[in-house]
Amino acid sequence: MLFQDTIVALATPAGVGAIGVIRLSGPDAIPLVNAVFKPKDLTKQASHTIHYGRIEDAGRVYDEVVVSLYIAPKSYTKEDVVEISCHGSPFIQESIIQLFVEKGARLARAGEFTQRAFMHGAFDLAQAEAVADVIAADSAVAQAAALHQLRGGFSNELAALREQLIHFASLIELELDFGEEDVEFADRKDLEDLVNQLLVAIRPLVASFRAGNAIKNGVATVIVGKPNAGKSTLLNALLNEERAIVSDIAGTTRDSLEDSWVLGGIKFRLIDTAGLRETEDVIEAMGVERTQAWVKKAQVVIYMADATTETAASIQTGVEALGAIDIPVIQILNKKDQVSSETLDAFTKEIPSLICLSAKNKVGLADLEKALLDVVGLDQVSTGGTLVTNLRHYQHLLQTQETLESVLRGLQTGLTGDLIAQDLRYALHDLGEITGQISNDDLLKNIFGKFCIGK
């Protein structure tokens with residue numbers, strides 16, 4: 001696909017800095033810059049070269065700049081691309097951009113450079129979305145997951161699955177053309193084996209979304225428990241700063257308090273909440289309601305109990321009262337330094353998974369950290385496994401899984417070829433939607449509209 005216009009945008013963050021980079025892409029990118037660049041003739045320069053000069057027009061010198069040339073198809077967008085490194089004054093940047101607009105360029109829309117790269121076949125849609133994820137990555141693991149997708153790891157897996165499915169789908173479709181002759185081109189047993197193989201590959205991808213989404217957006221980790229269990233002390237200990245007010249007075253925390261914490265390259269969003277108890281204090285009661293609301297939105301819940309005032313039975317009752325269905329709950333017993341070893345043994349005998357620690361003295365935090373990483377599923381990331389981090393991808397994979405399970409049931413019950421063919425078409429469509437082999441303008445507008453300007 002060839003675009004007739006040339007786009008321009010600031011590729012670096014807006015604001016004052018040492019330098020700013022202005023990017024142009026399109027058929028007139030080089031002529032437009034060459035018309036105002038002195039003293040070299042950029043139309044005679046080789047690709048992937050840089051040139052020092054000045055932007056000048058009608059006797060006005062805009063700035064001294066360095067120009068980088070990328071001649072099609074050896075560029076990010078596979079079009080002619082020029083990047084101008086100028087001084088980081090917002091006034092200078094805006095003046096140069098306005099100059100190119102006056103000369104015939106158009107201001108780029110959000111994500112339009114990457115959209116052009118996708119449209120020209122530089123990468124598929126899943127990889128294009130990974131570009132935004134790399135830019136937004138705020139932890140080592142989020143970056144690793146995004147780079148794995150950007151390099152085609154996820155796309156390659158999907159391509160292999162889709163290629164196998166296309167082969168059998170075409171044979172089924174061929175059978176329909178010879179419906180009156182009652183012939184079978186696709187061996188049903190081979191198709192059943194293939195569908196089973198595809199499900200073995202797809203199910204782990206679907207299951208990985210919980211960890212992948214948490215890694216991409218941060219793991220919402222809610223700390224709950226009764227008043228004075230030490231929730232705020234634990235938050236301060238994990239963050240290694242006095243983030244929350246700590247007091248012996250019950251009900252100090254009236255509202256939720258959130259902060260980010262990176263552990264093992266993964267960002268956790270720690271939420272300290274009001275103590276769970278019945279109260280006549282209106283403000284505290286509102287805090288308790290918010291705690292319960294946070295639990296419903298959590299990806300991990302840390303239930304904190306006080307070793308000096310609670311029992312194993314009360315802990316189990318408290319956890320059950322949370323109603324945290326399908327949400328991992330890590331149970332910890334605080335203030336281990338204030339009770340005997342016999343008391344601790346009695347607790348862990350009743351609740352083997354209980355983690356005993358002292359938040360005040362920062363003892364036992366390593367056990368809690370390990371439990372958090374285990375819940376997220378760090379092993380899959382560290383071993384290079386593919387993680388689904390994008391909700392759109394997850395929805396299409398889930399739909400593909402359900403469709404293939406329908407195909408499997410149909411094969412086992414002797415379903416007719418036309419109905420099997422229809423399900424195979426649905427599965428191929430969903431897989432194609434992920435990588436952009438099947439797409440529409442609304443989908444592309446929605447995806448690239450979330451990018452930053454200049455990328």
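In which loop does Pro-73 lie? Pro-73 lies in the loop between β5 (60-70) and β6 (81-88), where strands are DSSP runs (E, at least two residues) and helices likewise (H or I, at least four), numbered from the N terminus.

This is a predicted model, in which local features need pLDDT of at least 70 and side-chain atom pairs count only at pLDDT 80 or more, while totals for chains, interfaces and linings use all residues. Residues are numbered from 1 along each chain as its sequence is written, and side-chain values use heavy atoms, with hydrogens and water left out.

**View 1. The loop between β5 and β6 holds Pro-73 and Lys-78.** A cis peptide bond, with omega about 0°, joins Ala-72 and Pro-73. Lys-78 has a phi near 70°, a positive value in a residue other than glycine.

**View 2. The largest nonpolar core has 33 residues.** Such a core is a set of buried (under 20% relative accessible area, 1.4 Å probe, protein chains only) Ala, Val, Leu, Ile, Met, Phe, Trp, Tyr and Cys residues joined through side-chain atoms within 4.5 Å. Leu-234, Phe-268, Ile-332, Leu-368 and Leu-372 have the most contacts inside this core, and helix α13 (residues 365-376) gives the largest share, six residues.

**View 3. Helix α15 (residues 391-412) packs with helix α16 (residues 417-435).** Their axes, lines fitted to C-alpha atoms over the stretch in contact, are 9 Å apart at an angle of about 160°, on a scale from 0 to 180 degrees between N-to-C directions. That makes α15 roughly antiparallel to α16, a term for angles over 145 degrees.

Conventions:
Buried means under 20% relative accessible area, exposed over 50%, partly exposed in between (1.4 Å probe, protein chains only). Angles under 35 degrees count as roughly parallel, over 145 as roughly antiparallel, 65 to 115 as roughly perpendicular and the rest as oblique.
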